[in-house]
Amino acid sequence: MKLKLVEFKREPKKCICPGCGLKQRFKSNGRYFKTIKDLSMDKPLKLKAEVLRAKCLNQACSLKSFTR
Ligand SMILES: [Zn+2]
């Protein structure tokens with residue numbers, strides 16, 4: 001199985017929290033890599049995607065952090 005590395009390094013300036021719906025400045029709370037299997041092609045492919053974790057700036061929010 002082929003391994004294809006895909007990186008998304010650009011951080012967004014603005015983001016919306018799915019927990020409270022607050023539109024806010026993107027505040028990074030770390031990142032991790034997620035492996036995605038793509039079986040839609042003849043040869044199965046593994047994709048590595050960077051997932052950014054954002055911190056919610058709303059103190060009343062129950063989610064605290066979310067990924068986008
Ligand atoms: Zn929130």
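What share of the 68 residues of the chain counts as buried? The answer is 6%, where buried describes a residue with 20 or more other C-beta atoms within 10 Å of its own, the C-beta atoms being placed from the backbone. Please keep in mind that this is a predicted model, in which local features need pLDDT of at least 70, side-chain atom pairs count only at pLDDT 80 or more, and totals for chains, interfaces and linings use all residues. Residues are numbered from 1 along each chain as its sequence is written.

**View 1**

**View 2. Confidence along the chain.** The predictor's confidence in each residue, pLDDT, goes from 0 to 100. Its mean for the chain is 87, with 88% of residues at 70 or more. Strand β3 (residues 23-25) has the highest confidence, at 96, and strand β1 (residues 2-5) the lowest, at a mean of 68. Where pLDDT is low, the predicted coordinates should not be read in detail.

**View 3. Cys61 and its surroundings.** Look for Cys61 in the loop between β5 (45-55) and β6 (65-67). Cys61 counts as partly exposed because it has 17 C-beta neighbours inside 10 Å, which falls between the buried cut-off and the exposed one of 12 or fewer. Leaving aside residues up to four places away in sequence, Cys61 touches Cys17, Gly19, Cys20 and Cys56; contact means C-beta atoms, placed from the backbone, within 7 Å.

Terms used:
Helices (H or I, at least four residues) and strands (E, at least two) are DSSP runs, numbered from the N terminus. Two residues are in contact if their C-beta atoms, placed from the backbone, lie within 7 Å.
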